[in-house]
Amino acid sequence: MYNSKITGLGMYVPDNVVTNEDLSKIMDTSDEWITERTGVKERRHIKKGDGNSTVTMGVKAAKIAIERANIDKNDIDLILFATLSPDYYFPGSGVLVQEHLEIPTCPAMDIRNQCSGFIYAISTADQYIKTGMYKNILVIGSENHSGGLDFSTRGRGVTVIFGDGAGAAIISRNEDSSNGILSSHLHSEGKFAEELSLIGPSTNRWVPEIIEANDPNDISYYPYMNGQLVFKNAVVRFSEVIMEGLIHNKLKPSDINMLIPHQANLRISQFIQDEFGLSDDQVFNNIQKYGNTTAASIPIALTEAWENNKIKSGDIIVLAAFGSGFTWGSTIIRW
Ligand code: UT7
């Protein structure tokens, strides 16, 4: 059996910076409320006409990751694309990346696991490498949230948290067994599916039905989040799944060199940091600059941590996520 490692990382965020102050001009909110409850100071939003979409941002991040992995795009054996905000209802975004990158008939698959999408995608890539089926897999997490948020005061509980952006990683067969991806641990609990969801339009409630009903109170086409329930479950599940990964690899919390949590809310990250007794140097957060970018948040944070020399060879890196589904997971890496 082979093992796998991350050989290249890349990220892309739109140039357009939207501050808390900017949002407070269009809805009833404030920098104080957003900072205190979430830690977010600003986020990036696609501007209409700037050429960005979930797919094109993913492609930009992917090109950087491919170059850093020092491989030819034609060496990519599989594309895995994680998003909750795809360019099209169908087909998935992976095939559009394959077309943009002009990699002939390379298989492409979409992963629909929202905030934990990148962990699920890494885990999937790792399995294909382990069996020997593929050698190089491009994993992308990308989100265009701003295209689908409610920017009226009605949507403020959700809208202020989320931002746009993309991150990408190349996962490759590793010839050195002393490092690489050690394990991933995945979970879901569908009884909470509607607690963080966007349920319409869907095949249960198709667009003509929504238009015909013409109901101004129907907001099923905007994301819904039961914030407090999500928060309470997040802090428990994050802790559990990080511990599960550590125990599986006979590691202790003090062995963690860098924890990269999904950037859901700075208060959640700080809670986990305290729970595991980690110092500020052992946890990477950049939600202050980008908001919560869902499937893109871990690859964006991992890329920035790596670019800022916060990750060195031999380090134990822990990735962890919790989100809609509910789904959650962790990945333990020896860098
Ligand atoms: O990545 C996916 C996972 N998502 C998460 O991890 C999010 C988890 N949840 C959270 O981060 C928090 O629940 C939120 C940040 C979303 C909300 O914070 P909260 O402390 O749970 O606030 P709340 O929803 O209980 O609302 C408190 C008050 C309400 O007013 P009243 O009813 O007390 O008068 C809200 O209407 O704050 C109000 N409020 C706002 N006020 C100003 C809600 N959103 C805003 C806002 N600006 N943006």
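In the predicted model, the lining of the second largest pocket comprises 19 nonpolar, 11 polar and five charged residues, where Ala, Val, Leu, Ile, Met, Phe, Trp, Tyr, Cys and Pro count as nonpolar, Asp, Glu, Lys and Arg as charged, and the others, Gly among them, as polar. A pocket is an open set of points, on a 1 Å grid over the protein atoms alone, where a 1.4 Å probe fits, with protein on both sides within 12 Å along at least five of seven lines, and lining residues have an atom within 4 Å of a point. The volume of the second largest pocket is about 710 Å³, a volume being the space filled by probe spheres set on the points, which are joined across faces, edges and corners. Of its 35 lining residues, G157, I161, M225, G227 and Q228 are the closest to the centre.

The ligand sits in this second largest pocket, in the sense that more than half of its atoms lie within 2 Å of the grid points. Oxygen atoms of the ligand lie 2.6 Å from an N or O atom in the side chain of Q228 and 3.0 Å from one in the side chain of R156.

Residues are numbered from 1 along each chain as its sequence is written. Because the model is predicted, local features need pLDDT of at least 70 and side-chain atom pairs count only at pLDDT 80 or more, whereas totals for chains, interfaces and linings use all residues, and side-chain values use heavy atoms, with hydrogens and water left out.

Conventions:
A polar contact is a pair of N or O atoms within 3.5 Å; within protein, one must be able to donate a hydrogen and the other to accept it, and residues adjacent in sequence count only if both atoms are side-chain atoms.
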